[in-house]
Amino acid sequence: MSATLPPPPGDYQRSHKLIGGLLHKHHISCRDSVRLTLLSYDRPLTDKEKIRRVFHLLVCSICRRYTKQIKSLRLLVKRHVADLAKTQPREEFLQSLRQDLFSLSTRSPDQKSNPPTENDG
Amino acid sequence: MSSESKIAIDLFMEHAATLYGYAYSRLKDHHLAEDLVQDTMLSAWKSWDTFQGGSTVLVWLTGIMRHKLLDQWRANARRPVVQDETIDELQSDADGSFDEHGSWTIDPNFGMSCMLQSPVVAAQNSDLRKYISLCMDKLPQKLRLLFLAREVDEMSVPEAATASGVAFSSASVLLTRARHLLRACLQESLTR
């Protein structure tokens, strides 16, 4: 899926050609920082993880922006689902549902002594 | 009908629209949502005695509906076991976004400037909203259920895992994967 996307900007490529191996060795690569960012929404990071992530974000503007994206993404998803949840049911559906509950309640064993009354408002 | 039953019916019906909204937001199909709400309401009505009163009626009804949703999904899944394994083995970074040192091979910010605005501004972007909807639909159902349980219903990770039928041990990996996939899908849609 990433085939159509352009490579990162030139200065990123140059700098990470130099420091990529070093970052990788100390578990503070871009991939590590992305993983920690995504993980941080499910559990508190350990102190070590926090330091690794903060250090990476200090040196990498690409990942700083990635973090921002994920923040927006979470809010957008919440809003999207909240909008969907405002969808109202059809009035006929509500009426038939009420009717179903009504017939269940009149049929239930403990209601036998109380026969349903017509027209209860 | 006793007045007690009438009060109970009114109490149930008060929540019908909310339950329907919840069902629709998960299923995105009016017929399926109606069936689910009806199924939930009727079985809740039959097990009214088991309602402990420890939570609100709406929470209780929503819980029943989540179970039904999961059951329904399980019944529809053709080979759930195989699917489980496939999802579990996927690593969040297996899509070639990173090189062997873990540096980006793509520009993750290309075409994503709208995501860097304040979320309030971003939420007014109708294209963005359309693509969010599209990409949510593209997530595998189990992943979507897990993600929504965690992010929208704000359940704890173990609760969300249970509610979506995912092993607790893999929930964290899968949530990471869901966020990663969503973002990647969104970028793909925005730059197409």
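A residue is termed buried when its relative accessible area is under 20%. In the predicted model described here, A:Cys63 has a relative accessibility of 1% and therefore counts as buried. A:Cys30, likewise at 1% relative accessibility, is also buried. The sulfur of A:Cys30 has its closest cysteine sulfur in A:Cys63, at 3.8 Å, which is too far for a bond. For A:Cys63, the nearest cysteine sulfur is that of A:Cys60, 3.7 Å away, and A:Cys63 takes part in no disulfide.

Over all chains, the structure holds one disulfide. This link joins B:Cys135 to B:Cys185, with an S to S distance of 2.1 Å. The torsion about the S-S bond is -80°, and the link is left-handed. B:Cys135 belongs to helix H7 (residues 126-138) of chain B and B:Cys185 to helix H10 (residues 168-191) of chain B, so the pair ties together parts that lie 50 residues apart in sequence.

Helix H3 (residues 47-59) and helix H4 (residues 61-84) of chain A pack at an angle of about 115°, and their axes are 5 Å apart. The two helices are therefore roughly perpendicular to each other.

A:Pro9 is found in the segment before helix H1 (10-25) of chain A. With a relative accessibility of 33%, A:Pro9 counts as partly exposed. Beyond its neighbours within four places in sequence, A:Pro9 is in contact with A:Ile62 and B:Asp107. A:Pro9 and A:Ile62 are 53 residues apart along the chain, and their C-alpha atoms are separated by 9.2 Å.

Helix H2 (residues 16-27) of chain B comprises 12 residues, and at 1.5 Å a residue these should span 16 Å; the end C-alpha atoms are 16 Å apart, in agreement with that expectation. Because 10 of the 12 residues are buried, H2(B) is largely enclosed by the rest of the structure. The buried residues include B:Leu19, B:Tyr20, B:Tyr22, B:Tyr24 and B:Arg26. Just after H2(B), B:Lys28 adopts a positive phi of about 55°.

Notes:
Residues numbered from 1 in each chain as written. Chains lettered and ligands numbered in written order. Predicted model: local features only at pLDDT ≥ 70, side-chain atom pairs only at ≥ 80, totals over all residues. Heavy atoms only, no water. Axes fitted to C-alpha atoms, helices over the stretch in contact; angles between N-to-C directions. Helix = DSSP H or I, 4+ residues; strand = E, 2+ residues; numbered from the N terminus. Parallel < 35°, antiparallel > 145°, perpendicular 65-115°, else oblique. Buried < 20%, exposed > 50% of the residue type's maximum accessible area, 1.4 Å probe, protein only. Contact = heavy atoms within 4.5 Å. Expected span 1.5 Å × (residues − 1). Disulfide = S-S within 2.5 Å.
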